[in-house]
Amino acid sequence: MAVLIDALSVVLSFPGLAALATGAAIGIAVGALPGLGPSIGISLLIPFTYNMSPEISMLLLISLYMAAEYGGSVSAILLSTPGTAAAAATTIDGFAMTQKGAANRALGISLSASTVGGLVGGLALLFLAAPLSKIALQFGPASYFAVGLLGLTSVAALSGGSVVKGLIGAALGLSLAFVGIDPITGIPRFTMGEMALFEGVPMLAALIGLFAVSEALILAESALRKNQRKVASGTVKSVFLRASEWKNLIGTMLSSSVIGTLIGILPGVGANIACWVARDTAVRLNPNLEFGKGEAKGVAAPEAANNATVGGALVPLLSLGVPGSPTTAVIVGALVMHGLRPGPQLFTEQPVLVYSVLLGLLFSSILMFIVGFLTLPWLARVVNLPDSVLAAGIIVFACLGAYALRNLQFDIWLTLGFGLLGYLMKKLSFPVAPVVLALVLGYMVESNFRTALVSSQGNYSIFLTEPASALFLTLAVLSIVMPLISQLRRRKSTTTVEK
């Protein structure tokens, strides 16, 4: 109880509320600008949180994460261009409502549904993270290795259209994780004599480069080709919903929030899938409605789901130390920068920090609604910024952020190098998320694998004799095999149709 009171005092303090409000404002803008998103916003903001306390830093970042998931719907509704991938399903009915002159109503539904989804996901995080962490504290090194491997395989299998490409990305991330001082022997590995790499590949440089700089290069390419986006027209006014609208939509919002929370808990799935599952569920439950032609539930369902995934994705991060999404992998970078390691130990070593995050997520949903209501009128104009301006701004902030942490020019070149790598991967349709998550999970997988073998005197059967380890290894195998089977079935059906 004392920990909850201390955490509540942190959240409700002036710095805590200011961090939540600032994160909400930045997050909505980052989400609304097509091409950006929560991962890019957080990766750019992390360097500027270095001098903050871990609690205030995390409040700022989780608020940005929550608000950015909502912000993607603004450009989806006004421009038919989703600001984030998770807002893709919102575009169908949201833009149809705009074309009918109901942009205000669509934005109001989106904001309200996102708030409901955020609150449901936050409550799930509050009640699930602590019990799961107590179970995880009983795990041995073999079980932790299996958990980390599950995170790698599930993300590799589900973060792109090709399982093989996902696994290649995960392998690349693991190879990067091996750079630096060996955690067991203390011998430098793969550093090529570069002192700046003795501590390993700087996670911040990799995050900023792969997410932010790569997207800036794509935006710059779009600007050079003069591929102009549609421009939003008209003005945005009040977005409050009437009581009758709440009565009509609350059921869809709550059911979609539950769907989003459950999907968010699964490592590697995330909001991109949750929004479509929630929309499809709403379509099946309401067969008499005309979805795709401006149906309000077609906006409410995906928006409630994608914000609910935020709380869901933080459950495995805080309880097991496994990022549930690419964005939570970036948040791991923030924790590491403050000298912390996510996982069940956080609940015993930093209880105030953990419960500040749990409570802060609930308050961030409320502040997101307030900030969204106040900023939507001018945000409708901001979404029309040219791609060239966005690209230049991202590159500048990326270089500043990369240099700020260690004051090394090497980190700037490394960031730009990762940006080029991320750009090439996106052009070749390789998912970037597995690289980042493998880099994050690499230390956990390697150190626990080797520790388990040392404790068992080289007996590999330890990974099968521990029940938790055997369970997670089985799930890891299934997370690769099932998508491969699905791909083979699709190929067979396509071949049959062609014949």
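Select Arg242: at 55% relative accessibility, this residue counts as exposed, where exposed means over 50% relative accessible area, buried under 20% and partly exposed in between (1.4 Å probe, protein chains only). The model is predicted, so local features need pLDDT of at least 70 and side-chain atom pairs count only at pLDDT 80 or more, while totals for chains, interfaces and linings use all residues. Residues are numbered from 1 along each chain as its sequence is written, and side-chain values use heavy atoms, with hydrogens and water left out.

The side chains of Arg242 and Glu245 meet in a salt bridge of 4.0 Å, N to O; the term denotes a side-chain nitrogen of Lys or Arg within 4 Å of a carboxyl oxygen of Asp or Glu. Glu245 is buried, with a relative accessible area of 8%. Next select Arg105, whose side chain also meets that of Glu245 in a salt bridge, at 2.5 Å, N to O. Arg105 lies in helix α6 (residues 103-136) and Glu245 in helix α10 (residues 243-265), so this pair ties together parts that are 140 residues apart in sequence. Helices (H or I, at least four residues) and strands (E, at least two) are DSSP runs, numbered from the N terminus. Arg105 is partly exposed, at 33% relative accessible area.

**Along helix α10**

Now display α10 as a whole. Its 23 residues should span 33 Å at 1.5 Å a residue, and its end C-alpha atoms are 32 Å apart, which agrees; the expected span is 1.5 Å times one less than the number of residues. Centre the view on Leu249, where α10 has a kink of about 45°. The bend at a residue is the angle between axes fitted to the seven residues ending there and the seven starting there. Buried residues of α10 include Leu249, Met253, Gly260 and Gly264.

Move to Arg450 and Glu446, which both lie in helix α18, four residues apart, about one turn of the helix. Between Arg450 and Glu446 the N to O distance is 2.9 Å. Which of the two is buried? Glu446 counts as buried at 12% relative accessibility, whereas Arg450 is partly exposed at 22%. A search of the whole structure finds eight salt bridges.

**Aromatic rings**

Select Phe145, Phe449, Tyr460 and Phe463, which form one aromatic cluster. The structure holds five aromatic pairs, counted when ring centres of Phe, Tyr and Trp (its six-membered ring) lie within 6.5 Å; planes under 30 degrees apart are stacked, over 60 edge-to-face and the rest tilted. Phe449 and Phe463 form a stacked pair, 5.4 Å centre to centre with 10° between the planes. Phe449 lies in helix α18 (residues 433-455) and Phe463 in helix α19 (residues 462-465), so the pair ties together parts that are 14 residues apart in sequence. Phe449 is partly exposed at 26%, and Phe463 is buried at 5%.

Then select Lys165 and Phe430. The charged end of Lys165 sits over the ring of Phe430, 5.1 Å from its centre; this requires NZ of Lys or CZ of Arg within 6 Å of the ring centre and within 35 degrees of the ring normal.

**The whole protein**

Finally, zoom out. The protein has 20 helices and two strands, and buried residues make up 57% of its 499 residues.
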